[in-house]
Amino acid sequence: MTLEPKEMEALYNNGETDRVERKESANDGDKVRQAICAFANDLPNYREPGVIFIGQRDDLSCANLQIDDRLLQQLGGWRAEGRILPFPVMHVTNQRINGCDVAVIVVEPSDNPPVKFDGRVWIRTGPRRATATLEEERRLLEKRRWGNLTFDAHGMPGGATLDDINLRSFAEEYLPSAFPPDVIKENGRSDEEKLRALRLLTPQGLPTVTALLVLGKNVRAWIPGAYVQFLRIDGLTLVDPIRNERTIDGTLGDQLRALDELIKANIEQRAIVGGVERQTSWDYPEVALRQLLRNALLHRTYEGTNAPVRITWYNDRVEIQSPGGPYGQVTRDNFGQPGVTDYRNPNIAEALKNLGYVERFGVGIAIAKDALAKNNNPELEYTIEDQHVHVMVPRAT
């Protein structure tokens, strides 16, 4: 949703409402993030964007802030850093209004509230910005527009119920990772209310796809393709002898832990020729493979396919194939470029962030590339198709 220049100017010239907030600068980044979270939640249900003017004082005067690319990149980067979840839809621009240069953050109402910043739900009504009460959170839950949500937010056809969810794991592992301790201590919600607040239940009280993937007792009974097929080939082609073969399944946490162990078991030391002293290195940097495999599980499609993520480890390369082609603003042409990211599975992304498997979003490929370059591995090679993404990681030379 875009705002016409006249509407933007009117918001700039009027006092603060529950659609506008002003900051002299972005120095207090957490206050700006709270405002983004509150506008995304849209508690009054205006279904219109909220606007944050950076570079304007509360008395409506111009703060004469220098608006440069560094500031705009900083503000835009807050969308995908993982502190505001699910990811807000927001646009950051540099505008000149009434002779004043300001950075403008336009935040769209979320289809999937409540949106949280560092585990807390922020709302805004009139000039008040605060954490939501239990009743306000319930109102936000009722605002979800289920028809607009991604596949990972919906229930599974076939009738999965709460009996298919490991509630003990939810209470002991997932919940403490998703909320600050004081928030957990203060609220008196039931398990169902907590699951619903974390986007793990549908309005009918049924587990979502994300709930089954991260907490399911038998994940593949509901999502047959939710596993990883690993082949270790003693050679350079598929017809060469197989050294090891594994099927890795279970919850996403189970799979990621097993993949970390698999990487450590299969990378090998190599001697570096030259120099006075003998030196050794690894044929692949562990961090690079870990980032690429986590990306494969996070960004793959779980809808309409029984295909697993495939890892084929040859003597000269590792190949990773993930079901599902580019998504959203990611295309064949810009795949892998820094700062270009989108989320087919935003709820799964939130869950992996809560569980500690993702520290920052949108940087996995950049981290992998940097680690490979430092380890003297040749550059990654991609094959981007409509139905899958294939990544080839060459062995260090």
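Two strands are taken to pair if DSSP finds at least two bridges between them; helices (H or I, at least four residues) and strands (E, at least two) are DSSP runs, numbered from the N terminus. The model is predicted, so that local features need pLDDT of at least 70 and side-chain atom pairs count only at pLDDT 80 or more, while totals for chains, interfaces and linings use all residues. Residues are numbered from 1 along each chain as its sequence is written, and side-chain values use heavy atoms, with hydrogens and water left out.

An open sheet is formed by 6 strands in the order 10-9-13-14-16-15, with mixed pairing. Its edges are strand 10 (242-248) and strand 15 (381-384), each of which pairs on one side only. From one strand to the next, the twist averages 10 degrees. Strand 14 (residues 317-323) pairs with strand 16 (residues 388-394) in the antiparallel sense over 7 bridges; Ser322 has Val389 in strand 16 as its bridge partner.

Two helices lie across strands of this sheet. Axes are lines fitted to C-alpha atoms, for helices over the stretch in contact (heavy atoms within 4.5 Å), and angles run from 0 to 180 degrees between N-to-C directions. Helix 10 (residues 252-266) lies across strand 9 (228-233), strand 10 and strand 13 (309-313), at about 165 degrees to strand 10. Helix 11 (residues 286-299) lies across strands 9, 13, 14 and 16 and runs at about 20 degrees to strand 14.

Asn13 belongs to helix 1 (residues 5-13). Beyond its neighbours within four places in sequence, Asn13 is in contact with Leu60 and Asn98.
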